[in-house]
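Please look over the sequence and the structure below, and then follow this report through strands, a pocket, aromatic rings and a few loop residues.

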Amino acid sequence: MELRQLQYFLAIAECENMTQAAKMIHISQPSLSANLRDLEQELGFQLFNRMGKRLELNDSGRYYAKRVQEALGILEEAQKTACDNAHVRDRIVNCAVEIPVGHAGELLRTFYDLYPDILVRMGYPDSSTFSQQVIDIKLFGSPLKLEEDNTILLGKEQYVAILPSNHPLANEEHFKLAMLRDEQFILTNPSDLRNTVTEMCHEAGFEPNIVAETQLYSEALSLVESGIGCTIGTTFTWLGHHHFNIAVKVCEDVQRYRYLYANLNSDIETTDATKTFIDFLKSYSKEITQSYENT
């Protein structure tokens with residue numbers, strides 16, 4: 001059974017005349033008659049009482065016509081809803097983040113200035129609310145350079161030392177991490193980033209004197225700003241265009257980098273909005289990380 005057959009059937013039921021129905025839907029009368037015969041044969045019962053040229057729905061035909069109208073109405077509504085959703089999806093990017101994005105507000109403001117018609121939603125993958133959305137891309141970091149399907153390199157960020165702005169080493173031209181061996185440190189809770197920071201300190205020849213731990217990078221930067229101690233963070237995901245009163249120093253003796261990636265959802269077609277956001281992230285990341293490398 002085809003959708004076209006059902007539409008033809010309803011046209012006949014409305015006109016109660018084969019010739020008029022054929023004219024209304026712009027097909028030949030023989031073709032319309034053949035379609036009705038095929039439909040009745042497939043159903044196994046007659047739909048009309050035939051009284052000369054007039055066709056009148058019988059009891060089975062009236063019931064069937066009512067249900068067909070309901071079904072076609074549901075299909076039409078589904079098509080409209082799907083079309084509306086497709087248009088909405090064309091201007092929304094659902095972005096799951098496994099890494100912090102330094103001053104996401106600044107990043108998104110810059111993006112919205114360029115592309116005011118695209119809405120970017122950011123959330124953590126394990127968020128109960130956000131996980132119910134169709135995720136377009138996932139942002140993550142790795143110390144390794146990856147070559148995987150549906151994974152796009154956005155940029156590379158450097159690990160840097162972060163000091164209070166009035167620290168004696170804040171204006172040191174040739175800064176080395178080893179200079180902080182006697183300083184107090186603020187570190188994040190155990191994580192891959194925390195492990196990298198500890199390894200950097202060990203390579204510089206000392207064990208960090210940890211006086212505070214925090215889960216959020218913004219809290220770590222705030223504690224550094226207050227003068228409690230120093231920390232090590234990353235140029236893009238931690239700092240971005242930061243607004244803290246701190247000093248950022250590239251370490252000449254110990255250097256580490258982290259690659260930033262966007263993983264595309266392979267179960268859906270990548271929208272133009274998602275492609276636009278990825279291109280923006282590449283440019284934005286490059287601008288920020290280069291600005292710290294040149295300090």
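## Strand E6 and its partners

Strand E6 and strand E11, which covers residues 257-264, pair in the antiparallel sense over seven bridges. The model is a predicted one, and the values in this report are to be read with that in mind. Within this pairing, Thr 151 has Asn 263 of E11 as its bridge partner.

E6 also pairs with strand E9 (residues 231-234), and here four bridges join the two strands, which run antiparallel. In this pairing Val 160 stands opposite Gly 233 of E9. A further four bridges join E6 to strand E10 (residues 246-249), again in the antiparallel sense, and the bridge partner of Leu 163 in E10 is Ala 247.

How many of the 14 residues of E6 are buried? Eleven of them are, so the strand, which spans residues 151-164, is largely enclosed by the rest of the structure.

## The largest pocket

Rolling a probe the size of a water molecule over the atoms shows where empty space is left. In this model the largest pocket holds about 970 Å³ of space. The pocket is lined by 32 residues, and those closest to its centre are Glu 98, Ile 99, Pro 100, Ser 191 and Arg 258. The elements that give two or more residues to this lining are strand E4 (119-123), strand E5 (137-142), helix H6 (192-203), helix H7 (217-225) and E11. The largest share, four residues, comes from H6. Sorted by class, the lining has 17 nonpolar, nine polar and six charged residues.

## Aromatic rings

A pair of aromatic rings is described by the distance of the centres and the angle of the planes.

| Ring pair | Distance of centres | Angle of planes | Kind of pair |
|---|---|---|---|
| Phe 111 and Phe 277 | 5.1 Å | 85 degrees | edge-to-face |
| Phe 185 and Phe 206 | 6.0 Å | 35 degrees | tilted |

Why is the pair of Phe 111 and Phe 277 called edge-to-face? The planes of the two rings stand at 85 degrees, so the pair falls in that class, for which the angle must be over 60 degrees. This pair links distant parts of the chain, since Phe 111 belongs to helix H5 (residues 104-114) and Phe 277 to helix H9 (residues 272-293), 166 residues apart. Phe 111 has 0% relative accessibility and therefore counts as buried, and Phe 277, also at 0%, counts as buried too.

The rings of Phe 185 and Phe 206 have their planes at 35 degrees, so that pair is tilted. It too links distant parts of the chain, with Phe 185 in strand E7 (residues 184-188) and Phe 206 in the loop between H6 and strand E8 (209-214), 21 residues apart. Both Phe 185 and Phe 206 are buried.

Phe 111 and Phe 277 also belong to one aromatic cluster, which is formed by these two together with Tyr 112, Tyr 115, Phe 236, Phe 280 and Tyr 284.

Charged side chains are found over rings as well. The charged end of Lys 138 sits over the ring of Phe 140, at 5.9 Å from its centre, while Lys 156 lies over the face of Tyr 257, at 4.5 Å from the ring centre.

## Residues in loops

Most residues other than glycine have a negative phi, and most peptide bonds are trans. His 26, which is not glycine, has a positive phi near 60 degrees, and is found in the loop between helix H2 (18-25) and helix H3 (29-43). Is His 26 buried or exposed? With a relative accessibility of 71%, His 26 counts as exposed.

Asn 150 likewise has a positive phi, near 65 degrees, and lies in the loop between E5 and E6. At 37% relative accessibility, Asn 150 counts as partly exposed.

Glu 172 is found in the loop between E6 and E7, and at 30% relative accessibility it counts as partly exposed. Glu 172 and Lys 249 are 77 residues apart in sequence, while their C-alpha atoms are 8.5 Å apart in space.

How values were computed: Residues are numbered from 1 along each chain as its sequence is written. This is a predicted model: local features need pLDDT of at least 70, side-chain atom pairs count only at pLDDT 80 or more; totals for chains, interfaces and linings use all residues. Side-chain values use heavy atoms; hydrogens and water are left out. Buried means under 20% relative accessible area, exposed over 50%, partly exposed in between (1.4 Å probe, protein chains only). Two strands pair if DSSP finds at least two bridges between them. On a 1 Å grid over the protein atoms alone, a cavity is a set of points where a 1.4 Å probe fits but cannot get out, and a pocket is an open set with protein on both sides within 12 Å along at least five of seven lines; lining residues have an atom within 4 Å of a point. Grid points are joined across faces, edges and corners, and a volume is the space filled by probe spheres set on the points. Ala, Val, Leu, Ile, Met, Phe, Trp, Tyr, Cys and Pro count as nonpolar, Asp, Glu, Lys and Arg as charged, and the others, Gly among them, as polar. Rings of Phe, Tyr and Trp (its six-membered ring) pair if their centres lie within 6.5 Å; planes under 30 degrees apart count as stacked, over 60 as edge-to-face and the rest as tilted. A charge sits over a ring if NZ of Lys or CZ of Arg is within 6 Å of the ring centre and within 35 degrees of the ring normal.
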